[in-house]
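Here is a short briefing on the model below.

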Amino acid sequence: MNAPSNEDLMLAVRDGNLSRLALLFERHHRALFRFFYRLTQQQGRSEDLVQEVFLRILKYRHTYREAFPFTAWMYQIARNAFRDAAPKAPEEPLDRAAFHSASRIPAAVEDQIHESQQTELLRRALAELPEEKRQVLILSRYQGLSYEEISLILDCEVNTVKTRVFRSVKLLAQVYQRLLEGRPA
Amino acid sequence: MNCQELETRFADYCAGSLNAADETAAELHLMSCPNCRSLLETWRLLESIPAPEPGPSLRANFRKSMDQFSKSSRPVWHWTPAWGLAFIAAALLIGIAGYWLGAQSRSQGQHEMAALRTELADMRQMMTLSLLTRQSPADRLHGIDVSMQVVESDGPVLDALLQALDQDPNVNVRLAAVDAVARFSANAKARRALMNSLQKQSSPLVQVAIMDQMGQWTDPEVASRLKNLADDSSTDEIIRRHAETLLRKARY
Ligand SMILES: [Zn+2]
């Protein structure tokens, strides 16, 4: 038994076999959730957005074009859903205990904390990037997409994607460095 | 290679898609240039930012809104969660592996992968077994979901799935269990258990799902079991017809 391709499933959905969306959901909802989580840092909002994307896929199923990579189409919809959703106040930030009590931590675990501090600073640096740069980095670093697929999502040339990846990393590295040194923006 | 040349190749270098000569040149430059190296380190460090998994309510809400959508638009929607879960296993495994491989340097990659695979396998087995005992049907569904990535075909995971198949009070869980068990249909024990479960099931949905699985096997017992169902006048009408259809299709 061969698994049907995403594209075949989406064509079936488009042509009225709505139950096939369940399989597309199973395949993609986790990656999509993490995409939104990395953008928003909010669990509930990310889950709502995943829900919204699959509803939009249903609503706009007749606009799906044959042979267009499904994941690229899905992330296009995801970007639109994210853009359309009014930003809400951030949820309670993650536990920062490690930072408040860092001076009293035994030396043995200091390395680990050092590492998690780095990660936390990088997370903040990423959050400071302009929306487009942040999305380019999330799409290319975490979502398992090729630059070709990303070029479809962003509707630009593949080489443009590569340039944008470089520029986004460069800016991220600068912001991260600034945060590491404790300088203000 | 200088900084400017690296700039145009940076993305491909990160993706591991440069040709060997360019890759070596890029590595030489990275060794000698702290600026470019810091970019690469930043890119690599990105991997350490964690992201959680979605909560179990996400899938439940998806089903709810699908039901609402189909009720409000047209009556063609049939929710069939069982087969829906069947294909994600391989994709997930490859996805995770690829992700890790990409994050490791290539020479280290192979070793790390083997260790990682073993660790993942153990973790999945534990997760499946623990989730299947939970109170919430969504958790148990998730357990079955995780079991889809378990490779070993005869062990505690199969036993737990068989128990869910026969005894779980929730029909969605039993449906999912059908596909999860059917994944091991190369194993005679799994086939036998599925066929025996046919009589124990109260929901025709589950029975149909089991019969559809049986229709794909070459096991000689399938025909006689289906014939019994088709000939028995006490069999539910839907089930009897379905048995007849399968028998016709397979030309037993
Ligand atoms: Zn350089």
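B:Cys36 is buried, at a relative accessible area of 6%. Buried means under 20% relative accessible area, exposed over 50%, and partly exposed in between (1.4 Å probe, protein chains only). This is a predicted model: local features need pLDDT of at least 70, side-chain atom pairs count only at pLDDT 80 or more, and totals for chains, interfaces and linings use all residues. Residues are numbered from 1 along each chain as its sequence is written, chains are lettered from A and ligands numbered from 1 in the order in which they are written, and side-chain values use heavy atoms, with hydrogens and water left out.

**Zinc site**

- B:Cys36 (SG) coordinates the zinc ion together with B:Cys3 (SG), B:His29 (NE2) and B:Cys33 (SG), at 2.1 to 2.3 Å.
- Donors are N, O and S atoms within 2.8 Å of the metal (3.2 Å for Na, K and Ca); water is not among the atoms, so sites may look incomplete.
- The site is tetrahedral, with angles of 102 to 118 degrees among the 4 donor atoms.
- Four donors count as tetrahedral if all angles lie between 85 and 135 degrees.
- The ideal angle for four tetrahedral donors is 109.5 degrees.
- The donor residues follow the spacing C-x25-H-x3-C-x2-C in sequence.
- B:Cys3 sits in helix 1 (residues 3–15) of chain B and B:Cys33 in the loop between helix 2 (20–32) and helix 3 (34–45), so the pair ties together parts 30 residues apart in sequence.
- Helices (H or I, at least four residues) and strands (E, at least two) are DSSP runs, numbered from the N terminus.

- B:Cys3 is partly exposed, at 39% relative accessible area.
- B:Cys33 is buried, at 9% relative accessibility.
- B:Cys14 is buried too, at 16%.
- The whole structure has 0 disulfides over all chains; a disulfide is a pair of cysteine sulfur atoms within 2.5 Å.

**Chain B overall**

- Chain B has 14 helices and 0 strands.
- Of its 252 residues, 44% are buried.
- Among contacts (heavy atoms within 4.5 Å) between residues at least 6 apart in sequence, 60% join residues at least 24 apart.

**Helix 7 of chain A**

- Helix 7 (residues 131–142) of chain A has 12 residues and spans 16 Å from first C-alpha to last, close to the 16 Å expected at 1.5 Å a residue.
- The expected span is 1.5 Å times one less than the number of residues.
- Helix 7 of chain A is mostly covered, with 9 of its 12 residues buried.
- Among the buried residues are A:Arg134, A:Leu137 and A:Tyr142.

Terms used:
Four donors count as tetrahedral if all angles lie between 85 and 135 degrees; four count as square planar and six as octahedral if opposite donors are over 155 degrees apart and all others between 65 and 115; anything else is irregular.
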